[in-house]
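This briefing covers sheets, nonpolar cores and salt bridges. Please keep the structure open while reading.

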Amino acid sequence: MGDPKVKLTAAVFEQGQNEGIERTVLPLPQLSAVSNARMRKTGRWGKRWGHTAISSTNLSSTAGKYRCLGPGFAIVDDQCNRYDRTAGAFVAASATASANAAQVPGAVSGWLPDRAFFPLTVKGLQLKTPCATLFALGYLWTVGQATDSTATDQQLRISATDPNDQTLVFFFELRAVVAGAGGIRWPRLVLMGSTLALTYYDFSTTSIRGRVLTTLAGGFGAEVAITGAGILSYDVTPYSATLCLFAVSRAGNNMDAGTLTTALAVNSTFNFVEANPITAISIVGSPSTPVYVGYNLAAITTSKVRVYTTGFGGVTGTATISAADNARPLLVLLPSGDVRTVHAIKATAVVPFVAQFKIRDVSTGAVAGANTLTQNGAAPAAVPFAIGATTYMWCQLIVSPVVAGAGAIVNGGAATLLRLPAPASMTPAGMLMAPIELSAQDLITGADSTTGMLELAGLPGVTQIGTGATYATVIPSLFAIPNGGVLTSHEYRVIQTTHYTDVAARRGLQSFPADSTQFVPMGAFTRVDDRGPVEEGFVHAPQLAVPVPGAAGALTPSKTYYYTAIFRSRSDSGRSELSAPATPVKILMGGAQNSNTIAVTSLLLSARKNSQVEIYRTLADGQTFYLCAVLPNDNSAASLSFVDAISDVTLAVQAALYTQVGQQLANGFPPASRFGCSGAGRVFLAGQIRPDIVTASKLIQGDQSPTFCDGDAFKVVLPSPCTGVAWMDALVTFTAEGIYISSGEGPTDDGVGDFGSLARLPFALGCIEPRSVITVDEGTFFQTSRGLYLLPRGFGTPVAVDSVMDDLAANPFVTGCVTMTKPLEQSVRWSCVAAADATFGVQLVYDLVHKSWSVDTLTDGVLSVFAPTCMGNWLNSEVAMASNAAQSLRVTNSAFDDNGSAIPMFIRTGDIRPFGPTEQGSVQRLSTLLELRSACSVTVGKVSDRGTAHNATRVYTGVGPDTTPGQLSTLLTDLGSTEQRSISSLRVEISESSTTEGVALIAMALENGAPEGARLNKPADRIV
């Protein structure tokens, strides 16, 4: 018989870690940490699978971080790259504007909506609405023109706002010293080192004046007269820490270009005279690039750019960029030192008319580029700006059937951020469909008026907030009496948006499926199908001119007809999208008239190429619209023409328009968003520019893609910004403070019904990261400020995931979440990093089958250790991950190495207390039962409360008579020194590192003696 004092304590490793007990008192078989391992069906812990590199061939060559991964596509920079499963490589993306490309060019936004706020409200009406914004001295400064209702002159209203929480910290109003009719206009803000300068045009004196601010407490100083009288136009722009660039045009055909000091004194100027008055002017430049001055000559409708050498020295030359322009040229510097111009802003001469602008480059040698691009449908709402080699511009959507005066431009409402491609990339030059990067249409109120167009002389710029990739612009919103053409007031709205180049915490996006199609929420809601990415929905509807009646048709004379039109586009999967219908137009036929010539606008703002225009007509004196004609869209023309000679009998058997009076609501453009989900036949979008709104789509039915409409019934309004959204038998929305349930079925397509009353669950928990939210069989996981929680189905009490709480606390930034289903594993993974721009991090893994948690550390042969910046489901139920390094993609596989690097697997017990919580005893050795899978080395590390760690390594050759693969092995390990064996607690770590799965761990046993009672380490511990 053996020694009765020796006891063998043995137990199989349990599935997962105990979530309700402190780790220091975990029983023997329960694990405090599992790294790079998984629980198998046989109850054995084996090494996790690895990942391999995906070739970066044909991926976007533009420098940038990966932002989104999905089944068969990857987004790098603002390009969507599709994966060819047969070739095992990405397909080269076609050029944005290639007219004959086999693929449909995409519009993958590089922008994320951030927030909008309202620092200024005018006191009365302003017909012209110049404004400006600038980040300086830690605050976002906004200046707008406001009417003083007690005097004839106008004033400037200035605010300083904290850009993070929109707290107003400074606010005051300035009036010109010399009061007079017309007041002060065209405000500019410019920063010179630590001096913030405000300049403006004094209408009553026709001079340029300004004020400077050096400290917030001191405010703006006294007004300074910068020029004398006779100024027609001016511009300022940053240059150095002590100077800003300055240009004016004067009566008498003169122009001066120079610099201003921090005291707003003219430092130096270059003067020249043109043969015609220079009525609008722009200037840009830097100490390391040439200085460019753009101007127009009104009498001969010509625009030019004058180029000065680097250092603002002599004149290089002058380039003519347009011979048909009577507006201020807008300039933006490029990294090459060249300048991109937006010019020829005007209305088309045909009816219905649209706004139009052109793009052309000018080189450092004062040579205008050979190509000119034309964009219809929009006019600048802000000065263009550059991020790297890409230029963008906020535009005002202007598509209207109304013309009031020659060349009049009607205010169309929606503000849209467009990406402006390089003219040199377009062959041949011509009409453009600039991709839509962001839409803030829900923030802009349009007006049916001919006086609401922004004045280009006072057009605002775009400011970068700090050194990050967040940008702000101020957009005046014009309010009017609906359909009355009566203007009421303006409101200045500041929109902040974030570009993909920001830190990793802001880069990643989560795509989601809806109706067999993958969608990516971002600045422009994007659908990704077999032909590439394209924005979902139509940012504008077609517009019709009043029909022109004629003869030689089959319509009924002396009858009244109505016409409307829609855009239709069909995806590669056959799903159809319909735009909102055009405002119906009416025509009363004459006694001898039986045909109508119809003019309808093309689809002007879109990246899609496979669209068509459908024209609908009523029967004589009828109300129902029937399909009359289908025209292929042609953006090379602002409008299309069709002669309707179809009889009522023929028309009556055609398809009816999807929306009729009293039936479903007209389709609209999806809002800009950062995250979303699908459920119950709808798409839900959140993270909008107004962050407390969640917008639902119409029901997805028939062959229709998800469509959105402008209806309050389709919006869920939260009490604070939405931080997560999920579908779990009902719509679940999160804020940072709470969890809300919307249990209603939602409205029908005609807007009847809703999502019910918003019910807050009685838990003091909220979500802090939308990319942590994922719904599985057990419920919805989400990240709180304390850690990861599970909201169970049925909306019971959320369960804390204590098992990985310490790991998440050390890596609190979740960059993505995804599920993986393989023959031997079904798990959820969260990618976490320690800092927003960290290179290192971990993945938290939850086994959905065995209910066990583990932590993965991803290794790579080149990067050593890396953390994904985004992740997503890939082909064949694999998981794709992107690292911080450019052009670096990984995908999971069924091997046991990470791209050729060994995976270090280990499991660690809690503090094992074999003698109870208060007693000590002697532990002689421990044994580990394992199954050998391949040759490897296994290390057992032990540490007790009495001594330091003691490690022992066993090398398995896998060749008999040693243990061979498939056999069980008991690995005996002595505890170490005699002192270390006399313990109260013991922690054990078992590790294995190889490029294969070396062992599968099954159980552990302790050989220990009888307890020895309370421990007394030394006499000083005894209390008598």
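A salt bridge here is a side-chain nitrogen of Lys or Arg within 4 Å of a carboxyl oxygen of Asp or Glu. By that criterion Arg568 and Glu614 form one, with N to O at 2.4 Å. The model is predicted, and a search of the whole structure finds 39 salt bridges.

**Salt bridges**

- Arg568 sits in strand S46 (residues 560-570) and Glu614 in strand S50 (residues 611-617), so the pair links distant parts of the chain, 46 residues apart.
- Both Arg568 and Glu614 are buried.
- Arg617 forms a salt bridge with Asp648, and their closest N and O atoms are 2.8 Å apart.
- Because Arg617 lies in strand S50 and Asp648 in helix H2 (residues 648-651), this pair ties together parts that are 31 residues apart in sequence.
- Arg617 and Asp648 are both buried.
- Glu778 and Lys851 meet through their side chains in a salt bridge of 3.0 Å, N to O.
- Glu778 is in the loop between strand S61 (774-776) and strand S62 (779-783), while Lys851 is in the loop between strand S67 (841-847) and strand S68 (852-856), 73 residues apart.
- Glu778 is partly exposed, at 22% relative accessible area, and Lys851 is partly exposed at 42%.
- A network of salt bridges links Arg38, Arg48, Glu825, Asp856 and Asp898.

**Nonpolar cores**

- The largest nonpolar core has 32 residues, of which Phe357, Leu418, Leu420, Ile436 and Leu605 touch the most other members.
- Two or more residues each come from strand S28 (339-347), strand S29 (353-362), strand S31 (378-380), strand S33 (390-397) and strand S35 (415-420).
- S29 gives the most to this core, 4 residues.
- Apart from this core lies another, of 29 residues, including Ile907, Phe915, Val940 and Met1004.
- Leu418 has contacts beyond four places in sequence that include Phe357, Gln375, Met393, Glu437 and Leu605.

**Sheets and strands**

- An open sheet is formed by 4 strands in the order S6-S7-S8-S9, with antiparallel pairing.
- Strands S6 (66-70) and S9 (89-91) are at the edges with a single partner strand each, so one side of each has no neighbour in the sheet.
- From one strand to the next, the twist averages 30 degrees.
- Strand S8 (residues 79-84) pairs with S9 over 3 bridges in the antiparallel sense, and Arg82 has Val91 in S9 as its bridge partner.
- Strand S76 (residues 921-932) runs antiparallel to S79 and is joined to S79 by 7 bridges, with Glu931 opposite Leu968.
- In strand S79 (residues 968-974), Ser969, Leu971 and Thr973 make up the covered face, and Leu968, Thr970, Leu972 and Asp974 the uncovered one.

Notes: Residues are numbered from 1 along each chain as its sequence is written. This is a predicted model: local features need pLDDT of at least 70, side-chain atom pairs count only at pLDDT 80 or more; totals for chains, interfaces and linings use all residues. Side-chain values use heavy atoms; hydrogens and water are left out. Two strands pair if DSSP finds at least two bridges between them. Axes are lines fitted to C-alpha atoms, for helices over the stretch in contact, and angles run from 0 to 180 degrees between N-to-C directions. A nonpolar core is a set of buried Ala, Val, Leu, Ile, Met, Phe, Trp, Tyr and Cys residues joined through side-chain atoms within 4.5 Å. Buried means under 20% relative accessible area, exposed over 50%, partly exposed in between (1.4 Å probe, protein chains only). Contact means heavy atoms within 4.5 Å.
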